[in-house]
Amino acid sequence: MSLSIRAIDPVSRPFFAGEVSGVDITQPLTAEQAQAIDKGMDQYGVLVFHGQRFTDETQLRFSRYFGELETASGDINFMTHRRLESIHVNDISNLDMDNQLLARDNRRRLFNLGNQLWHSDSSFKAVPAKYSLLSARVIPSTGGNTEFADMRQAWDELDAELKAQCADLICEHTQLHSRGILGFTDFTEDDIKRFQPVHQRLVRTHPSTGRKSLFLASHAGAILVWPVPEARAFLRDLTEHATQRKFVYAHSWKQFDLVMWDNRATMHRARPYPADQVRDMHRTTVAAERSTMAEAA
Ligand SMILES: [Fe+2]
């Protein structure tokens, strides 16, 4: 069987979220296979692979076909107490160093609840993420979906007046803002230094497809030269527009799914799940080639 990609919902979302079959991505790929997946990413923005029993090592190998990897420096515990060995793997779990469930008031757990807000991975880094690859190692019996919103379609369906208003805007993104929305302010001096705001264009043009998209994230807490309350009200309205159900694909996880998405064309958010059940997901992240400030407007 050879690699094929089909739309998950060909009726309502023929151009967003595809399912890939006919390839074992835990094994080395041929150049043709890697190219077909890259092309599928340009078309669908989100690709789902089932039954991929990754280790961190094989997940890293697969991820590297698509570019340089980021370090997990956006994690609250990046400098200390890491459960996972590789600095290129983000620990998206509710487990501590001894693989025990985190306590309800655990600092890392509370910080990670910020993932339930719509965002694009690493928009708080000067060079944000290109692709994220999330591997489901252990999943809870219920809940824990990941939802994806198509920011290209959200841009396409914005009215002309708003498009003109957004065109040249530059936002400030920081995890201090997104975590602050949920009332998490328990930052160390070092966190505050690491999470200083970075600038990102609000409208970006995809380097491969030439399609425009809205580059939104809950990390964005300001627009350059705008009064803060006006900027936040504006970004909140745009986010409401961009995350209408018609733009959203909700992924219901099966164990050993790997989902990969293009952070330049989509936003996503985690959904809640029972706190007394293990959820162990490992994320690798391919860095973009340049900052959005260096991209063509
Ligand atoms: Fe994320």
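The lining of the largest pocket comprises 13 nonpolar, 15 polar and eleven charged residues; here Ala, Val, Leu, Ile, Met, Phe, Trp, Tyr, Cys and Pro count as nonpolar, Asp, Glu, Lys and Arg as charged, and the others, Gly among them, as polar. The model is predicted, so that local features need pLDDT of at least 70 and side-chain atom pairs count only at pLDDT 80 or more, while totals for chains, interfaces and linings use all residues. Residues are numbered from 1 along each chain as its sequence is written, and side-chain values use heavy atoms, with hydrogens and water left out.

The largest pocket holds about 650 Å³ of space. A pocket is an open set of points on a 1 Å grid over the protein atoms alone, where a 1.4 Å probe fits, with protein on both sides within 12 Å along at least five of seven lines; lining residues have an atom within 4 Å of a point. Points are joined across faces, edges and corners, and the volume is the space filled by probe spheres set on them. Among the 39 lining residues, Ile-92, Asn-112, Leu-113, Asn-115 and Ala-270 are the closest to the centre of this pocket. Two or more lining residues come from each of β4 (90-93), α3 (107-112), α6 (175-181) and β14 (266-270), with helices (H or I, at least four residues) and strands (E, at least two) taken as DSSP runs numbered from the N terminus. β4 gives the most, four residues.

The second largest pocket has about 420 Å³ of space. Of its 16 lining residues, Ile-181, Ser-218, Leu-235, Arg-236 and Thr-239 are the closest to its centre. α6 and α8 (228-242) each give two or more residues to this lining, and α8 gives the most, with six. By class, nine residues of the lining are nonpolar, four polar and three charged.
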